[in-house]
Amino acid sequence: MHPLRKQRIYAIVTVLLGAIAALVLVMSALSKNMNLFYSPSELVSSNVAPGSVVRAGGMVASGSIQKSTDSLEVIFLITDFQNSLSVTYNGILPDLFSEDAGVVVKGFLKEDGTFLAQEVLAKHDENYMPPEVAKMLNKIE
Amino acid sequence: MNRVWSRIKNWLIAMGSPPHFYRWATSSLPWLAGLAVIVFCAGLIWGLGFSPTDYKQGDVYRIIYIHVPSAILAESIYIFMAISGFISMVWRAKIAGMLINSAAPLGAGFTLIALLTGSIWGKTTWGTWWVWDARLTSTLIMFFLYAAIIGLHSSIENKTKGDRAVSILAVLGVVIVPIIKKSVDWWQTLHQPSTFTLTSSPSMSPDMYLPLLVCVLGFYCLFIFMLTNGLRAEIISRERDKSWVKKQFFKY
């Protein structure tokens, strides 16, 4: 290969490696801040001040949803299967909100350690299947 | 083996010549268009009309037949531009610069479609149009990179210098692609992890992912057609002072 071209390739590769190294450093420095939400365990172990607005995420524990009869208030537990967090929310829930499904809630911790949510988002998983297949899977379980 | 390699090399060198590429493109454009229309329509009709509904999301999930191919194309086109940028910088092939220039608006368009369809899907399933999680934010950054490439090139009067400038942006910017791809594994995001991975079987039933596969192929065909068409226009506009263009159009 022409020496000039070889030189250009070396230059490009060097600059690209430098850019990747810089990016890796930036991302490892920011790694915690790149997460959209805290898991219940992280929320327990980190000292997030009560009253500061954060996001928490996890699975809605099965059988934990309590709906109020005379208002939109709903109380449920989100869990990462190690710790769980009691969440109170007053508003309309997304369609996909259900037991054993992922959610991300935005709000703040109260002094008593429960979470008051201002926004509830349903997290969809990576599984797609027709209803008949889902029914069959449920039967097997 | 050596013979095959030298034939491929000669073919590539020939395709790198604007007049030769122009003639090849003119004759193959109808075929590319036909193929794109057939595969694209087949995939969309199959996916939108005949694949089963999802057990959880109902019919809303069908937006993936547009969202996923657009997102795949958006990332593929960036990688393609980076390779073109590399060739343009090392071998100074004029056609490589033209390729970046014709591919960038298409990539930007596919990125925008992926962002918009994702947003609509997000509103119905998550409950929000937008959230600043790692996947969505990194995809938005890629859209800005595309915009930067388009803007940078059109702001430089001298086309050769413009090619060199956008080549740098195309090559360096390609680091965003693995970040987008791995964002759902590296960080906690609202966006779900990949349904299709190399290591395990897809967590989607075959009668749903086969039409998706056809849709992806259809979007690729559409991209190749649009790129070839755009590149023809780019060649004519940049080579308008050359004698072969004058001969082609003015017969003198």
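Predicted model: local features only at pLDDT ≥ 70, side-chain atom pairs only at ≥ 80, totals over all residues.
Q: OK, chains A and B. How many residues are in contact?
A: 37 residues of chain A are in contact with 41 residues of chain B, where contact means heavy atoms within 4.5 Å.

Q: And how much area do chain A and chain B bury between them?
A: About 3500 Å², with 65% of it on carbon and sulfur atoms. Buried area is the accessible area (1.4 Å probe) that two parts lose on being put together, summed over both.

Q: How many residue pairs are in polar contact between chain A and chain B?
A: The count is 13 residue pairs, both residues at pLDDT 80 or more. A polar contact is a pair of N or O atoms within 3.5 Å; within protein, one must be able to donate a hydrogen and the other to accept it, and residues adjacent in sequence count only if both atoms are side-chain atoms.

Q: Which elements of chain A give two or more residues to the side that touches chain B?
A: They are helix H1 (3-34), strand S6 (115-123) and helix H3 (131-140) of chain A. Helices (H or I, at least four residues) and strands (E, at least two) are DSSP runs, numbered from the N terminus. H1 of chain A gives the most, with 12 residues.

Q: What classes of residue are on that side of chain A?
A: The side of chain A that touches chain B has 25 nonpolar, 5 polar and 7 charged residues. Ala, Val, Leu, Ile, Met, Phe, Trp, Tyr, Cys and Pro count as nonpolar, Asp, Glu, Lys and Arg as charged, and the others, Gly among them, as polar.

Q: How many salt bridges does the rule find across that interface?
A: It finds 0 between chain A and chain B, whereas the count over all chains is 6. A salt bridge is a side-chain nitrogen of Lys or Arg within 4 Å of a carboxyl oxygen of Asp or Glu.

Q: Which residue meets B:Asp59 in a salt bridge?
A: B:Arg62 does, at 3.0 Å from N to O. B:Asp59 is partly exposed, at 46% relative accessible area, and B:Arg62 is buried, at 12%. Buried means under 20% relative accessible area, exposed over 50%, and partly exposed in between (1.4 Å probe, protein chains only).

Q: Where do B:Asp185 and B:Lys182 lie?
A: Both are in helix H7 (residues 176-186) of chain B, 3 residues apart, about one turn of the helix. B:Asp185 is partly exposed at 45%, and B:Lys182 is partly exposed at 35%.

Q: What about B:Glu239, buried or exposed?
A: B:Glu239 is buried, at 4% relative accessibility. A salt bridge pairs B:Glu239 with B:Lys242, the closest N and O atoms being 3.2 Å apart. Salt bridges that share partners join B:Lys94, B:Glu239 and B:Lys242 into one network.

Q: Which residues is B:Val245 in contact with?
A: Leaving aside neighbours within four places in sequence, B:Val245 is in contact with B:Ile236, B:Glu239, B:Arg240 and B:Phe250. B:Val245 sits in helix H9 (residues 243-250) of chain B and is buried, at 4% relative accessibility.

Q: Back to chain A. Where is A:Phe81?
A: A:Phe81 is in the loop between strand S3 (73-79) and strand S4 (84-90) of chain A. Phi of A:Phe81 is near 70 degrees, a positive value in a residue other than glycine. Most residues other than glycine have a negative phi. A:Phe81 counts as exposed, at 67% relative accessibility.

Q: What is the phi of A:Asp100?
A: A:Asp100 has a positive phi of about 60 degrees although it is not a glycine. A:Asp100 is in the loop between S4 and strand S5 (102-109) of chain A.

Notes: Residues numbered from 1 in each chain as written. Chains lettered and ligands numbered in written order. Heavy atoms only, no water.
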